[in-house]
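User: I am new to this structure. Please show me how to read a few of its features.
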Amino acid sequence: MNNSYEYDASFLGLLSLIKYLLKGKIKPYNIIKDDYQVDLFTNIIKVKVTKDEKVMDFFVSRFGSQTMHYVYYVFLSSYPNKEIVIYYYLLNYLKYGPKVIYKRDLKCVRKVLELNKKVGNEAHKLKGFVRFRELKSGILYAEINPDNDILELLAKHFMNRLKNEYWVIKDVRRKIICIYDTKKIYVTEEDNLKIIDEVSKNEIMFKDMWQDFYHTIAIKMRKNDRCRLNFMPKKYWPYIVEMEDER
Amino acid sequence: MELKEKLNILADSAKYDASCSSSGSMRKGEIGSAHISGICHSFSADGRCISLLKILLTNVCIFDCKYCLNRRSNNIKRAMFTPEEICTITLNFYKRNYIEGLFLSSGIIKSPDYTMEQIIKTVELLRYKYHFGGYIHAKAIPGANMYLLKKLGSLVDRMSANVELPTEDGLKLLAPDKSSDKVSKIMQYVKNSQNKNFVPAGQSTQMIIGASRETDLDIMQKAEDMYQNYKLKRVFYSAYIPVNQDKCLPSLITPPLKRENRLYETDWLLRYYGFKVSDLLDDDNPNLNILVDPKASWALKHLDEFPKEINKASYQDLLRVPGIGVKSAKRIIKSRQYFRLEFKDLKRMGVVLKRSKYFITCNGKFDLNKEFLKKEFIEANLVLGEKANSSSNIYQLELFHE
């Protein structure tokens with residue numbers, strides 16, 4: 001029988017479950033979120049684990065903060081079996097220690113590296129590609145549609161950068177929003193905030209100026225669409241305001 | 001004149017400056033912060049990154065450099081921003097996350113000192129009145145008073161002065177109002193004063209490629225000289241775009257983009273791979289091979305120094321192998337402390353075996369039959385490999401020019 005273990009979709013929930021599995025020397029067939037669609041041959045096991053902040057301290061002291069950083073980025077990725085990747089990576093860490101990250105012959109290590117690159121790259125790219133528009137209320141509002149769950153990483157970046165502004169970023173794929181009120185960040189489901197998406201008077205003027213600037217700055221004799229697409233893939237275009245007329 | 005029209009004119013006049021990097025600073029302000037690795041915010045139709053609001057303060061200029069759109073003798077629309085106008089655009093673009101900061105350059109209006117004072121006024125407003133902590137790259141105006149340079153340097157993240165042409169002859173011919181002494185003086189000053197409060201992201205410069213008769217050797221020697229003497233962060237190479245007709249200028253149909261690309265590859269070899277210009281170019285071979293990249297070209301001339309054993313070679317030696325970059329060389333060094341490496345491991349580390357297999361062994365073994373280790377065969381394969389990757393017709397054109 002395929003024994004799959006269920007967790008509550010949170011990072012701490014996953015860590016708590018993995019701690020339970022590692023302690024009991026249990027090898028799961030898979031680790032799944034509570035809304036995961038499973039086939040008939042899968043036996044779902046629900047374990048009551050105590051989930052609290054202390055589990056994070058346990059993992060950091062046992063595996064080191066670098067490892068937990070790797071693991072967290074895997075968790076933010078959209079890879080369907082990321083949980084079992086994390087489990088096997090940590091299991092191998094227990095066997096090999098910190099040098100496990102260099103063992104690229106292990107599939108879980110390759111996956112951890114690959115997903116870290118993906119998540120890190122997308123977060124970095126979006127730090128540039130996010131476009132805010134100024135609403136009538138003065139709030140800056142942006143929508144994103146990233147492959148990975150990077151909203152929190154972005155929010156931390158903008159908290160430094162636009163620290164005296166009110167801003168909201170919405171992940172349209174995951175239907176979550178991040179609100180910043182010049183002091184703190186709040187992450188919540190989109191239904192909890194009604195956004196009146198009417199832009200300020202100045203907004204149209206500056207958007208217009210930016211679009212002009214974007215076209216002016218290109219050197220016609222150097223036109224290179226392939227190069228542009230490499231750096232700025234089409235999937236991001238719907239939310240990049242200067243690409244409006246090329247979408 | 002409307003602000004929008006001014007922006008169009010003064011962005012159009014600024015776009016031939018290649019630099020747009022925004023890395024190397026960790027400044028923080030009430031609005032804005034610099035990011036140590038820099039951030040690209042968009043990419044224009046030519047594939048170049050847009051990171052900074054790249055504009056001129058004015059395109060009015062008392063100089064008459066042959067290659068420049070803004071030269072005195074050109075009949076074009078002229079405009080000038082007020083410092084407040086630049087602040088308005090910068091801050092509004094910045095808070096919408098269009099840009100990482102400002103790149104402010106200018107034509108020479110009235111005098112170098114006056115021009116520099118206007119640039120300083122603008123940057124002072126941004127930093128002191130609006131507490132802007134985003135990235136600012138400003139041009140230093142050659143010939144301006146040193147105390148102005150000191151003032152500007154304490155406000156910006158990066159400062160640059162363009163040498164434009166690598167030799168004095170080139171300058172005399174195409175930019176008679178400019179002198180390389182004045183640019184060197186700026187570079188010397190910035191080098192001596194640089195610290196975390198003065199031009200923290202360092203200085204850069206630019207050379208125009210293909211407007212004058214200089215060889216790649218001239219260009220790279222000048223670059224190497226500047227990297228060594230003035231500790232420049234970057235030298236930019238900008239393929240000459242024919243914006244003016246002039247009997248002193250070559251009549252080009254396409255800008256020499258492939259040549260520019262080869263020069264950048266060489267620049268990387270100097271900065272990150274431990275190469276010297278004399279390894280790659282000399283009086284008998286003063287120009288880079290357009291067909292094959294400079295590292296492969298070097299390796300083909302030094303086949304006797306290969307193969308390198310992956311499990312033993314030093315970091316510096318690994319960097320000399322075509323198909324091994326800085327990242328993969330570091331990974332090899334790190335990984336082999338723990339495990340003996342084989343070819344399948346190299347592939348997983350990002351080593352390009354297609355290029356490197358002629359130059360390396362793993363545990364004494366090649367990844368190919370030794371009869372393929374002939375120079376002609378390797379050369380043909382390295383050239384063909386590049387051809388497959390290159391989609392631009394410019395490449396084809398230049399093939400016939402050679």
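User: Is S19(B) buried or exposed?

Analyst: Buried means under 20% relative accessible area, exposed over 50%, and partly exposed in between (1.4 Å probe, protein chains only). S19(B) has a relative accessible area of 2%, so S19(B) is buried. S19(B) sits in the loop between α1 (3-12) and β1 (42-43) of chain B. Helices here are DSSP runs of H or I with at least four residues, strands are runs of E with at least two, and both are numbered from the N terminus.

Analyst: A word on the source. This is a predicted model: local features need pLDDT of at least 70, side-chain atom pairs count only at pLDDT 80 or more, and totals for chains, interfaces and linings use all residues. Residues are numbered from 1 along each chain as its sequence is written, chains are lettered from A and ligands numbered from 1 in the order in which they are written, and side-chain values use heavy atoms, with hydrogens and water left out.

User: Which residues does S19(B) touch?

Analyst: Contact means heavy atoms within 4.5 Å. Leaving out residues up to four places away in sequence, S19(B) touches K54(B), F103(B), H137(B), S204(B), Q206(B) and F236(B).

User: How do I read the sheet of chain B, and what is its strand order?

Analyst: Two strands pair if DSSP finds at least two bridges between them. Six strands of chain B make an open, parallel sheet, ordered β3-β4-β5-β6-β7-β8. Its edge strands, β3 (52-56) and β8 (234-239), each pair on one side only. From one strand to the next, the twist averages 20 degrees.

User: Which strands does helix α3 of chain B lie across?

Analyst: Angles run from 0 to 180 degrees between N-to-C directions, and axes are lines fitted to C-alpha atoms, for helices over the stretch in contact. Helix α3 (residues 112-129) of chain B lies across β4 (101-105) and β5 (135-139), at about 170 degrees to β5(B). Helix α6 (residues 180-193) of chain B also packs on the sheet, touching β6 and β7. Q118(B) is in helix α3 of chain B. Q118(B) is buried too, with a relative accessible area of 10%.

User: How do α1(A) and α3(A) cross?

Analyst: Two packed helices are described by the angle between their axes and the distance between the axes. The axes of α1 (residues 11-23) and α3 (residues 65-76) of chain A come within 11 Å and cross at roughly 120 degrees. F11(A), L14(A) and L15(A) in α1(A) meet M68(A), V71(A), Y72(A) and F75(A) in α3(A).
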